[in-house]
Amino acid sequence: MAESSLLDKPWRKFPEFNEETAHKLKEELVDYGPDSETGVTAANILLIGQIGAGKSSFFNSVNSIFRGKITSKARSGSFEHSLTTVYRKYNVKDHNSGQTLKIRLCDTRGLEEDFTIDSQEISHILDGNVPDRYQFNPSAPFTTETFGFIRNPHLGDRIHCVAFVVDGSTIDVIPEKILKQMKAMQSRMNQRNIPQVVYLTKLDKVCPMVEEDAGHMFHSSAVREAVDKIADVMGLPRGFVLPIKNYESETILDQNIDILILKALKQTADFADDYMEEQVEKMAAENGQGRKEKE
(Lines give C-alpha, C1' and ligand atoms only; values in the text may rest on other atoms or scores of the structure.)
Protein backbone atom coordinates (compact mmCIF):
# COMPACT_ATOMS: atom_id res chain seq x y z
CA MET A 1 0.00 0.00 0.00
CA ALA A 2 1.33 3.44 -0.94
CA GLU A 3 2.41 5.93 1.73
CA SER A 4 -0.59 8.09 2.42
CA SER A 5 -1.51 10.91 4.71
CA LEU A 6 -4.72 12.84 5.33
CA LEU A 7 -4.49 16.47 4.23
CA ASP A 8 -6.05 19.21 6.39
CA LYS A 9 -7.87 20.68 3.41
CA PRO A 10 -9.60 18.58 0.74
CA TRP A 11 -7.73 18.62 -2.59
CA ARG A 12 -11.04 18.87 -4.48
CA LYS A 13 -14.21 20.78 -3.58
CA PHE A 14 -16.89 18.21 -2.92
CA PRO A 15 -20.29 18.19 -1.20
CA GLU A 16 -20.34 17.24 2.47
CA PHE A 17 -20.58 13.56 3.29
CA ASN A 18 -23.93 13.51 5.06
CA GLU A 19 -27.49 12.20 4.72
CA GLU A 20 -28.69 15.43 3.10
CA THR A 21 -26.11 15.14 0.28
CA ALA A 22 -26.94 11.47 -0.32
CA HIS A 23 -30.67 12.26 -0.48
CA LYS A 24 -30.18 15.29 -2.78
CA LEU A 25 -27.97 13.39 -5.24
CA LYS A 26 -30.35 10.45 -5.34
CA GLU A 27 -33.28 12.79 -5.97
CA GLU A 28 -31.40 14.63 -8.75
CA LEU A 29 -30.69 11.34 -10.52
CA VAL A 30 -34.28 10.09 -10.18
CA ASP A 31 -35.53 13.43 -11.61
CA TYR A 32 -32.86 13.58 -14.34
CA GLY A 33 -33.84 13.37 -18.00
CA PRO A 34 -32.22 14.55 -21.26
CA ASP A 35 -33.54 17.83 -22.67
CA SER A 36 -36.81 17.24 -24.55
CA GLU A 37 -35.33 19.05 -27.61
CA THR A 38 -32.95 16.12 -28.11
CA GLY A 39 -35.76 13.59 -28.52
CA VAL A 40 -33.65 11.22 -26.37
CA THR A 41 -35.32 9.27 -23.56
CA ALA A 42 -32.18 8.21 -21.65
CA ALA A 43 -28.46 9.06 -21.56
CA ASN A 44 -26.28 6.13 -22.68
CA ILE A 45 -23.05 5.83 -20.70
CA LEU A 46 -20.52 3.29 -21.97
CA LEU A 47 -18.34 1.57 -19.36
CA ILE A 48 -14.92 0.49 -20.64
CA GLY A 49 -12.14 -1.05 -18.59
CA GLN A 50 -9.58 -3.76 -18.05
CA ILE A 51 -10.80 -7.07 -16.64
CA GLY A 52 -11.23 -6.83 -12.88
CA ALA A 53 -11.12 -3.00 -12.79
CA GLY A 54 -14.71 -2.88 -11.50
CA LYS A 55 -16.83 -2.20 -14.59
CA SER A 56 -19.69 -4.58 -13.82
CA SER A 57 -19.22 -3.90 -10.08
CA PHE A 58 -19.95 -0.23 -10.79
CA PHE A 59 -23.30 -1.11 -12.34
CA ASN A 60 -24.06 -3.46 -9.43
CA SER A 61 -23.16 -0.69 -6.96
CA VAL A 62 -25.47 1.84 -8.65
CA ASN A 63 -28.21 -0.77 -8.76
CA SER A 64 -27.71 -1.55 -5.06
CA ILE A 65 -28.02 2.12 -4.06
CA PHE A 66 -31.36 2.49 -5.87
CA ARG A 67 -32.66 -0.85 -4.59
CA GLY A 68 -31.72 -0.02 -1.04
CA LYS A 69 -29.75 -3.25 -0.60
CA ILE A 70 -26.64 -4.95 -2.02
CA THR A 71 -27.40 -6.73 -5.31
CA SER A 72 -25.39 -8.23 -8.16
CA LYS A 73 -27.28 -8.21 -11.43
CA ALA A 74 -24.16 -8.12 -13.65
CA ARG A 75 -21.59 -10.87 -13.17
CA SER A 76 -18.46 -9.46 -11.58
CA GLY A 77 -15.22 -10.63 -10.02
CA SER A 78 -11.53 -10.91 -10.79
CA PHE A 79 -11.29 -13.58 -13.46
CA GLU A 80 -8.67 -14.16 -16.11
CA HIS A 81 -11.05 -13.58 -19.02
CA SER A 82 -13.90 -11.15 -19.46
CA LEU A 83 -17.13 -12.20 -17.76
CA THR A 84 -19.04 -9.78 -19.96
CA THR A 85 -19.57 -11.50 -23.30
CA VAL A 86 -22.82 -9.77 -24.21
CA TYR A 87 -23.34 -6.07 -24.95
CA ARG A 88 -25.84 -4.83 -22.38
CA LYS A 89 -27.70 -1.56 -21.95
CA TYR A 90 -28.65 -1.80 -18.29
CA ASN A 91 -31.54 0.16 -16.84
CA VAL A 92 -31.58 1.11 -13.17
CA LYS A 93 -34.85 1.19 -11.25
CA ASP A 94 -35.39 3.29 -8.16
CA HIS A 95 -37.38 1.03 -5.86
CA ASN A 96 -38.60 3.91 -3.69
CA SER A 97 -40.44 5.75 -6.45
CA GLY A 98 -40.84 2.80 -8.83
CA GLN A 99 -39.25 4.96 -11.56
CA THR A 100 -36.61 3.79 -14.00
CA LEU A 101 -33.66 6.20 -14.20
CA LYS A 102 -33.22 7.96 -17.52
CA ILE A 103 -29.61 6.81 -17.58
CA ARG A 104 -28.53 3.55 -19.18
CA LEU A 105 -25.21 1.93 -18.28
CA CYS A 106 -23.80 0.13 -21.31
CA ASP A 107 -21.46 -2.73 -20.51
CA THR A 108 -19.08 -4.26 -23.01
CA ARG A 109 -16.23 -6.81 -22.92
CA GLY A 110 -13.43 -6.20 -20.44
CA LEU A 111 -10.08 -5.24 -22.02
CA GLU A 112 -7.57 -8.10 -22.12
CA GLU A 113 -3.89 -8.21 -23.03
CA ASP A 114 -4.20 -11.22 -25.30
CA PHE A 115 -7.41 -10.09 -26.99
CA THR A 116 -7.69 -6.77 -28.80
CA ILE A 117 -11.21 -5.46 -29.19
CA ASP A 118 -11.86 -4.69 -32.84
CA SER A 119 -11.71 -0.90 -33.17
CA GLN A 120 -14.45 -0.88 -35.81
CA GLU A 121 -16.65 -2.78 -33.34
CA ILE A 122 -16.11 0.04 -30.81
CA SER A 123 -17.06 2.59 -33.50
CA HIS A 124 -20.30 0.69 -34.12
CA ILE A 125 -21.05 0.71 -30.37
CA LEU A 126 -20.37 4.48 -30.16
CA ASP A 127 -22.54 5.15 -33.21
CA GLY A 128 -25.47 3.11 -31.86
CA ASN A 129 -25.34 0.31 -34.45
CA VAL A 130 -25.02 -2.51 -31.89
CA PRO A 131 -28.27 -3.84 -30.39
CA ASP A 132 -28.78 -4.57 -26.70
CA ARG A 133 -27.93 -8.21 -25.80
CA TYR A 134 -25.63 -8.69 -28.82
CA GLN A 135 -23.37 -11.69 -28.11
CA PHE A 136 -19.71 -10.80 -28.81
CA ASN A 137 -17.89 -13.27 -30.99
CA PRO A 138 -14.06 -13.02 -30.75
CA SER A 139 -13.62 -14.85 -34.07
CA ALA A 140 -16.11 -12.67 -35.97
CA PRO A 141 -16.26 -8.97 -35.08
CA PHE A 142 -19.51 -7.02 -35.42
CA THR A 143 -19.88 -5.58 -38.94
CA THR A 144 -22.56 -3.92 -41.10
CA GLU A 145 -23.51 -7.47 -42.20
CA THR A 146 -24.01 -8.81 -38.67
CA PHE A 147 -27.58 -9.81 -37.83
CA GLY A 148 -29.23 -7.08 -35.75
CA PHE A 149 -27.02 -4.24 -37.09
CA ILE A 150 -28.96 -0.98 -36.52
CA ARG A 151 -28.71 0.77 -39.90
CA ASN A 152 -30.00 4.25 -39.14
CA PRO A 153 -29.38 4.87 -35.45
CA HIS A 154 -31.01 7.89 -33.80
CA LEU A 155 -29.23 10.17 -31.34
CA GLY A 156 -30.92 8.09 -28.61
CA ASP A 157 -29.13 4.92 -29.79
CA ARG A 158 -25.67 6.47 -29.63
CA ILE A 159 -23.24 6.62 -26.72
CA HIS A 160 -23.40 10.05 -25.06
CA CYS A 161 -20.47 9.75 -22.63
CA VAL A 162 -17.77 7.12 -21.98
CA ALA A 163 -16.53 6.16 -18.52
CA PHE A 164 -13.16 4.40 -18.43
CA VAL A 165 -13.14 2.26 -15.29
CA VAL A 166 -9.57 2.06 -13.98
CA ASP A 167 -8.15 0.23 -10.96
CA GLY A 168 -6.45 3.00 -8.97
CA SER A 169 -4.10 0.53 -7.26
CA THR A 170 -2.51 -0.69 -10.52
CA ILE A 171 -2.02 2.52 -12.55
CA ASP A 172 1.77 2.02 -12.63
CA VAL A 173 1.45 -1.48 -14.05
CA ILE A 174 -1.30 -1.09 -16.67
CA PRO A 175 0.01 -3.28 -19.52
CA GLU A 176 1.21 -1.45 -22.62
CA LYS A 177 -1.22 -3.45 -24.80
CA ILE A 178 -4.18 -2.29 -22.69
CA LEU A 179 -3.05 1.36 -22.82
CA LYS A 180 -2.71 1.09 -26.58
CA GLN A 181 -6.28 -0.21 -26.87
CA MET A 182 -7.59 2.57 -24.64
CA LYS A 183 -5.75 5.22 -26.68
CA ALA A 184 -7.09 3.81 -29.97
CA MET A 185 -10.62 3.96 -28.53
CA GLN A 186 -10.09 7.50 -27.28
CA SER A 187 -9.11 8.69 -30.74
CA ARG A 188 -12.43 7.31 -32.11
CA MET A 189 -14.31 9.04 -29.28
CA ASN A 190 -12.48 12.32 -29.91
CA GLN A 191 -13.33 12.16 -33.62
CA ARG A 192 -17.00 12.06 -32.55
CA ASN A 193 -16.58 14.67 -29.77
CA ILE A 194 -17.83 12.14 -27.19
CA PRO A 195 -16.89 13.24 -23.66
CA GLN A 196 -14.88 10.86 -21.48
CA VAL A 197 -14.42 10.48 -17.74
CA VAL A 198 -12.45 8.06 -15.58
CA TYR A 199 -14.05 6.18 -12.70
CA LEU A 200 -11.04 5.47 -10.50
CA THR A 201 -11.81 2.40 -8.37
CA LYS A 202 -10.18 0.29 -5.63
CA LEU A 203 -8.72 3.35 -3.90
CA ASP A 204 -9.17 1.60 -0.56
CA LYS A 205 -6.12 -0.45 -1.67
CA VAL A 206 -4.18 2.78 -2.22
CA CYS A 207 -5.04 4.42 1.08
CA PRO A 208 -5.85 2.63 4.37
CA MET A 209 -7.81 5.70 5.56
CA VAL A 210 -10.16 5.39 2.58
CA GLU A 211 -10.56 1.69 3.35
CA GLU A 212 -11.67 2.73 6.83
CA ASP A 213 -14.01 5.49 5.60
CA ALA A 214 -14.73 6.44 1.97
CA GLY A 215 -15.44 9.98 3.23
CA HIS A 216 -11.66 10.50 3.52
CA MET A 217 -11.32 10.24 -0.29
CA PHE A 218 -10.62 13.95 -0.96
CA HIS A 219 -8.30 14.35 2.03
CA SER A 220 -6.04 11.46 0.97
CA SER A 221 -2.66 12.41 -0.54
CA ALA A 222 -2.31 8.94 -2.13
CA VAL A 223 -5.68 9.27 -3.88
CA ARG A 224 -4.74 12.73 -5.17
CA GLU A 225 -1.51 11.27 -6.55
CA ALA A 226 -3.43 8.43 -8.27
CA VAL A 227 -5.84 10.96 -9.82
CA ASP A 228 -2.92 13.05 -11.15
CA LYS A 229 -1.24 9.97 -12.62
CA ILE A 230 -4.26 8.62 -14.49
CA ALA A 231 -5.17 12.11 -15.75
CA ASP A 232 -1.71 12.28 -17.35
CA VAL A 233 -1.95 8.74 -18.76
CA MET A 234 -5.39 9.37 -20.31
CA GLY A 235 -4.70 12.96 -21.35
CA LEU A 236 -7.83 14.17 -19.52
CA PRO A 237 -8.33 17.12 -17.15
CA ARG A 238 -8.08 16.13 -13.47
CA GLY A 239 -11.70 17.18 -12.93
CA PHE A 240 -12.77 14.40 -15.31
CA VAL A 241 -11.20 11.75 -13.04
CA LEU A 242 -13.81 10.68 -10.50
CA PRO A 243 -12.56 8.65 -7.52
CA ILE A 244 -15.14 6.11 -6.34
CA LYS A 245 -15.41 2.94 -4.33
CA ASN A 246 -17.57 0.08 -5.58
CA TYR A 247 -19.43 -2.27 -3.29
CA GLU A 248 -17.34 -5.44 -3.20
CA SER A 249 -16.93 -7.01 0.24
CA GLU A 250 -19.67 -4.96 1.94
CA THR A 251 -22.95 -6.61 2.86
CA ILE A 252 -24.82 -3.43 3.78
CA LEU A 253 -24.96 0.00 2.13
CA ASP A 254 -22.62 2.77 3.28
CA GLN A 255 -23.72 6.40 2.86
CA ASN A 256 -20.24 7.71 1.95
CA ILE A 257 -19.73 5.07 -0.76
CA ASP A 258 -23.20 5.97 -2.12
CA ILE A 259 -22.31 9.68 -2.29
CA LEU A 260 -19.11 9.08 -4.30
CA ILE A 261 -20.93 6.85 -6.81
CA LEU A 262 -24.00 9.11 -7.12
CA LYS A 263 -21.86 12.23 -7.63
CA ALA A 264 -19.78 10.48 -10.33
CA LEU A 265 -22.93 9.33 -12.12
CA LYS A 266 -24.50 12.81 -11.94
CA GLN A 267 -21.36 14.41 -13.37
CA THR A 268 -21.30 11.85 -16.20
CA ALA A 269 -24.96 12.57 -17.00
CA ASP A 270 -24.14 16.30 -17.15
CA PHE A 271 -21.37 15.62 -19.69
CA ALA A 272 -23.76 13.40 -21.68
CA ASP A 273 -26.23 16.33 -21.76
CA ASP A 274 -23.52 18.64 -23.16
CA TYR A 275 -22.81 16.13 -25.94
CA MET A 276 -26.51 15.71 -26.85
CA GLU A 277 -27.03 19.47 -26.93
CA GLU A 278 -24.03 19.88 -29.22
CA GLN A 279 -25.33 17.14 -31.55
CA VAL A 280 -28.78 18.78 -31.78
CA GLU A 281 -27.14 22.11 -32.68
CA LYS A 282 -24.94 20.37 -35.24
CA MET A 283 -27.94 18.62 -36.86
CA ALA A 284 -29.88 21.90 -36.94
CA ALA A 285 -26.94 23.64 -38.63
CA GLU A 286 -26.59 20.80 -41.17
CA ASN A 287 -30.32 20.90 -41.95
CA GLY A 288 -30.15 24.66 -42.42
CA GLN A 289 -27.16 24.25 -44.73
CA GLY A 290 -28.98 21.53 -46.67
CA ARG A 291 -32.00 23.77 -47.17
CA LYS A 292 -29.79 26.63 -48.41
CA GLU A 293 -28.14 24.37 -50.97
CA LYS A 294 -31.54 23.25 -52.29
CA GLU A 295 -32.79 26.85 -52.73
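View 1. E28 counts as partly exposed, because its relative accessibility is 27%, and the cut-offs place buried under 20% and exposed over 50%. The model shown here and in the other views is predicted. The side chain of E28 meets that of K24 in a salt bridge, with a distance of 3.0 Å from N to O. Both residues belong to helix α1, which covers residues 19–31. K24 and E28 are four residues apart, about one turn of the helix.

**View 2. The salt bridge between D107 and K55.** The closest N and O atoms of D107 and K55 are 2.6 Å apart. D107 is part of strand β3 (residues 103–107) and K55 is part of helix α2 (residues 55–67), so their pairing ties together parts of the chain that are 52 residues apart in sequence. D107 is buried, with a relative accessible area of 2%. K55 is buried as well, at a relative accessible area of 6%.

**View 3. The salt bridge between R88 and D132.** In this pair the closest N and O atoms are 3.1 Å apart. R88 lies in strand β2, while D132 lies in the loop between α3 and β4. The two residues are 44 residues apart, and the pair links distant parts of the chain. R88 is buried, with a relative accessible area of 16%. D132 has a relative accessibility of 33% and therefore counts as partly exposed.

View 4. Side chains of opposite charge can pair when their charged atoms come close. For the model as a whole, the count of salt bridges comes to 13.

View 5. Helix α3 runs over residues 119–126, and six of its eight residues are buried, so the helix is largely enclosed by the rest of the structure. The buried residues are E121, I122, S123, H124, I125 and L126. Among the elements that cover them are the strands β1 (43–49), β2 (86–90), β4 (134–135) and β5 (161–167). Helix α4 (176–191) is also included in this cover. Following α3 is G128, which has a positive phi, near 85°.

**View 6. A patch of negative charge on the surface.** The residues that gather in this patch are D35, E37, D274, E277, E278 and E281. One of them, E277, lies in helix α7, which spans residues 255–294. E277 has a relative accessibility of 44% and so counts as partly exposed.

**View 7. F240 and its contacts.** F240 is found in the loop that runs between α6 (221–234) and β7 (241–243). With a relative accessibility of 25%, F240 counts as partly exposed. Leaving aside residues up to four places away in sequence, F240 touches Q196, V197, V198 and F271.

Notes: Residues are numbered from 1 along each chain as its sequence is written. This is a predicted model: local features need pLDDT of at least 70, side-chain atom pairs count only at pLDDT 80 or more; totals for chains, interfaces and linings use all residues. Side-chain values use heavy atoms; hydrogens and water are left out. Buried means under 20% relative accessible area, exposed over 50%, partly exposed in between (1.4 Å probe, protein chains only). Contact means heavy atoms within 4.5 Å. Patches are made of residues with over 30% relative accessible area and no salt bridge: like charges are joined within 9 Å, nonpolar side chains (Val, Leu, Ile, Met, Phe, Trp, Tyr) within 5 Å. Accessible areas come from the Shrake-Rupley method with a 1.4 Å probe; for residues, only the protein chains shown count as cover. A salt bridge is a side-chain nitrogen of Lys or Arg within 4 Å of a carboxyl oxygen of Asp or Glu. Lys and Arg count as positive and Asp and Glu as negative; His and the chain ends are not counted. The place of a charge is taken as NZ of Lys, CZ of Arg, CG of Asp or CD of Glu.
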